[in-house]
Each structure stands twice: as structure tokens, then as C-alpha cells.
Amino acid sequence: MAKIPYRTYLTEDQIPKQWYNLRADMKELPDPMLNPQTGKPATEEDLYPVFCKALAHQEMDNTTRYVDIPDEVREMYKIYRPSPLCRAYNLEKALGTPAKIYYKFEGNNTSGSHKLNSAIAQAYYAKEEGLTSLTTETGAGQWGTALAEACAYFHLPLTVYMVKVSYEQKPFRQSIIRTFGANVVASPSNTTEAGRRILQADPQNSGSLGTAISEAVETALTTDGCRYVLGSVLNQVVLHQSIIGLESKTAMEMLGEYPDVVIGCAGGGSNLAGLIAPFMQDKLLGKADPRIVAVEPASCPSLTRGKYAYDYCDTGKMTPMAKMYTLGCEFKPSPNHAGGLRYHGMSPILSKLYHDGYMEAVAVEQTRVFEAATEFAKIETILPAPESAHAIRAAVDEALRCKETGEAKTILFGLTGTGYFDMTAYTAFREGKMHDYIPTDADLQVGFDKLPKLPGIQE
């Protein structure tokens with residue numbers, strides 16, 4: 001039998017022509033978003049002031065199984081897709097495991113991550129509607145970079161609110177975002193009412209994704225011809241990122257393979273949901289039963305230690321409320337946290353699947369994450385993003401368990417991006433200056449106590 005190649009590429013014609021909407025096959029749908037003013041289920045029209053209409057429709061569409069990818073979006077996809085499915089032969093050898101380890105590599109584009117898959121789609125729909133500018137937030141900077149790249153392609157001005165601690169730690173992320181023509185603002189800032197309010201209460205506030213979202217949404221609501229776009233969490237983003245899993249499944253079928261375990265890092269949930277989409281479809285329809293594992297940082301453990309409850313998607317409480325696993329919209333990760341997995345909540349789709357037992361979740365400390373990242377870089381020659389390294393850590397642990405048991409499992413994980421803008425964190429790890437932070441139960445309770453009280457829904 002011929003050896004499976006190190007890298008398997010689909011042809012350009014095999015790039016999916018449709019995204020897959022996982023909600024169409026879920027046994028039970030996530031609970032509806034709630035309008036923050038009325039407390040009632042949000043309608044598509046309620047979203048129009050924030051999102052462009054096509055994206056608002058995708059956000060609320062629970063029934064359309066496959067959504068056509070516009071030709072203009074697919075043409076830009078062809079610049080960097082299909083992305084390779086890689087066999088980690090060297091890692092397998094180094095671990096001495098009988099497991100077969102595959103990873104889907106999404107870092108081979110200028111943004112350096114999977115985020116471009118949704119950025120292109122969202123910028124396209126905004127341009128089609130005739131909008132004149134966009135706003136967004138970014139944590140570690142991958143989403144801001146990707147959206148700046150997509151907006152440059154479609155000639156749309158963009159303002160990016162970047163979490164202040166990341167803004168300060170990653171100056172070259174700022175630089176590349178500006179290179180693509182976007183404006184970058186450290187959040188919280190004095191440019192919005194939400195930012196000023198937070199700074200007045202805490203002048204040294206290091207920022208959070210919830211805060212940056214509040215500033216971006218406020219700017220969209222107060223600027224003519226402007227809308228807000230988000231890089232994770234939302235149903236529309238999960239839809240766009242399904243291209244990762246669709247390509248992965250096709251490539252594995254070409255190799256005669258199917259994963260026993262699918263592993264992805266989890267912050268807001270976009271890359272994980274995209275990777276697992278067609279495999280979760282098989283699970284939901286009873287065609288196969290792969291284990292699905294979400295890996296999150298121990299410093300921001302929304303799935304493993306959060307509450308399944310309605311919460312605001314932003315710190316300023318301007319966005320709709322979503323039923324999700326959450327640490328509370330005012331939760332702020334430790335500034336020592338080096339990855340981009342900083343969001344207080346989790347995708348409502350993933351939250352529902354996890355709550356209903358279709359997937360697992362583990363939380364890992366960042367020193368163990370960077371240990372795995374460093375070894376992976378030495379062995380497989382790709383410097384992974386800290387976010388991606390969470391999945392690497394879990395994949396390595398799974399492969400080592402296979403070594404102990406003798407099980408020859410097939411493992412698939414998502415290598416969501418590269419870590420070339422994360423050298424401050426790599427340096428801190430190498431020099432022994434990186435420390436783990438795990439919030440106490442009392443720390444988390446502060447956020448839980450502030451969850452919205454919704455009579456008849458959530459007391």
C-alpha cells in the first residue's frame with residue numbers, strides 16, 4: 001500500500017461551492033437570541049442596525065442545510081485555498097505512538113489564520129449592500145488582520161478595536177493591520193462612550209473582547225453606512241468556517257481515512273465549529289461516532305467552568321443576549337494570558353452541542369500549551385499560533401494515551417494559524433517568565449452573580 005503523503009491538497013475545483021449549516025441537522029436548536037431592550041426573541045430585523053442584511057439572515061437561518069458560496073468569495077478563496085491536510089509523521093515518531101495524527105493547516109495566508117474564511121464573506125456581503133465602512137474587535141490580532149485584508153480587497157474602510165493588552169504585546173499585528181489600510185484603536189479607548197465609561201471606573205483596564213465588541217458596536221450604531229462584523233461566536237461565522245471541515249473530510253476520504261477523534265482549540269468557537277461541522281453532521285445523523293474535543297485555556301474556561309445561561313455578548317450590554325456557556329460578560333482574562341482565546345462566552349451552537357453531550361471539553365494551562373507548541377515547531381517545522389497550540393497539546397496527550405493502550409486511533413486536529421506575531425509570548429516561555437493563571441471559584445462567581453436576571457427564563 002502506498003504511503004500516505006505528508007500533505008494532501010485538493011484541487012481548485014474541489015474547493016466547496018457551499019457552506020454547511022450545522023443547525024439544520026441539530027436535534028434541538030440553540031435557544032433564540034434575546035433582544036436586550038425587550039427581553040423577547042430577537043428577529044432578523046432587530047439585527048439590521050448592527051449587521052448587514054445578508055449576514056443577519058444567515059444568523060437567524062436554522063433550516064437551510066447548504067448555503068451557496070458567492071462566486072466573488074470563492075474566487076478570493078482560490079488565492080489560498082484549498083488548505084493542506086497534513087500527516088504529522090515526525091510527531092508520531094517522536095511520541096512513539098501507534099496513533100495516526102493529521103492536522104488541517106489554515107495558516108498559509110497573509111493573515112496567518114483561518115479567520116480569513118469568514119472575513120472575506122462578511123466584507124463581500126457588506127460591499128454588496130452598499131455599506132461604506134465596517135467596525136470590529138480583535139483579541140490576539142488574527143481577526144483584525146484577516147478583516148483588514150478582506151476590506152482592502154473590497155475597498156471598504158475598517159476600524160479595529162484591539163484588546164489593549166494585545167495591542168501593547170503585539171505591535172507588529174498593529175503594523176500589518178495598518179498596512180492593509182485599517183485603523184487600529186487600543187480598547188478600552190476614549191473614542192466611544194462605552195470605552196470612556198470603562199476607563200473612568202478602571203483607568204488601568206487592560207481590555208477584553210467584550211469591551212472591544214462594545215466599542216465596535218457603538219461605532220457602527222452611531223456612524224452612517226457602517227456595520228459591525230464579528231470573527232467568532234456567531235452562527236454566520238460558524239457557517240463560513242465550515243469550509244475547513246468540508247475540505248478536511250474530502251481529503252480524508254481521498255486517503256481512505258476517517259478520524260476517531262477531532263480536536264480544536266476553543267475561544268469563541270469559530271475554528272472548532274468549522275473543523276467539526278461535517279463530522280458532527282455524521283454524528284447527529286448516526287452515520288459515525290467520532291469523539292469531538294474542545295480545548296480551551298485554563299485562564300478563560302467558559303465550557304469547563306462556565307454557566308450555561310443567557311448573557312450579553314459584550315461588556316457594554318448593547319448586543320443581543322445569547323444562551324451559551326459563559327463566565328459573565330464582565331469577565332476579564334489575566335493580562336498574563338498569551339493566546340487569543342479570551343472571550344467570556346462560547347458559540348451558542350457549540351454550547352448547545354456540548355450541553356447535550358455531543359462533544360467534550362478540556363482546559364489546559366498555558367505553560368503546557370507552549371511546551372507542546374515549541375516541540376511541535378522543532379519536529380514539524382511550523383511555528384504554531386498559541387491558540388492552535390491548545391489543540392496540539394490535546395492531540396499529543398491523546399496520542400500518548402494511545403501509546404499506553406496500544407490503540408491505533410486516527411486523530412485530526414486544527415492547526416488554525418501561525419505564531420510569527422507571538423514571539424513575545426514564546427520568549428517569555430523560553431526565558432521562564434511565563435506563568436499559569438487559573439481563576440478561583442470566587443473569581444468566577446463575581447461574573448456569575450452579574451448574569452442578567454430574566455423573569456420566567458433565567459432567574
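Colleague: Is Thr 381 buried or exposed?
Modeller: Thr 381 is exposed, at a relative accessible area of 67%; exposed means over 50%, buried under 20%, and partly exposed in between, with a 1.4 Å probe and protein chains only. This is a predicted model, where local features need pLDDT of at least 70, side-chain atom pairs count only at pLDDT 80 or more, and totals for chains, interfaces and linings use all residues. Residues are numbered from 1 along each chain as its sequence is written, and side-chain values use heavy atoms, with hydrogens and water left out.

Colleague: What is the phi of Thr 381?
Modeller: Positive, about 70°, although Thr 381 is not a glycine.

Colleague: And where does Thr 381 lie?
Modeller: In the loop between helix H14 (366–380) and helix H15 (386–405). Helices are DSSP runs of H or I with at least four residues, strands are E runs of at least two, and both are numbered from the N terminus.

Colleague: What about Val 233, buried or exposed?
Modeller: Val 233 is buried, at 4% relative accessibility. Val 233 also has a positive phi of about 70° without being a glycine, and sits in the loop between strand S9 (226–228) and helix H10 (235–254).

Colleague: Switching to prolines. Which residue does a cis peptide bond join to Pro 188?
Modeller: Ser 187, with omega about 10°. Pro 188 is in the loop between strand S8 (183–187) and helix H8 (193–201).

Colleague: And what is the peptide bond from Arg 81 to Pro 82, cis or trans?
Modeller: Cis, with omega near 0°. Pro 82 belongs to the loop between helix H2 (71–77) and strand S4 (85–87).
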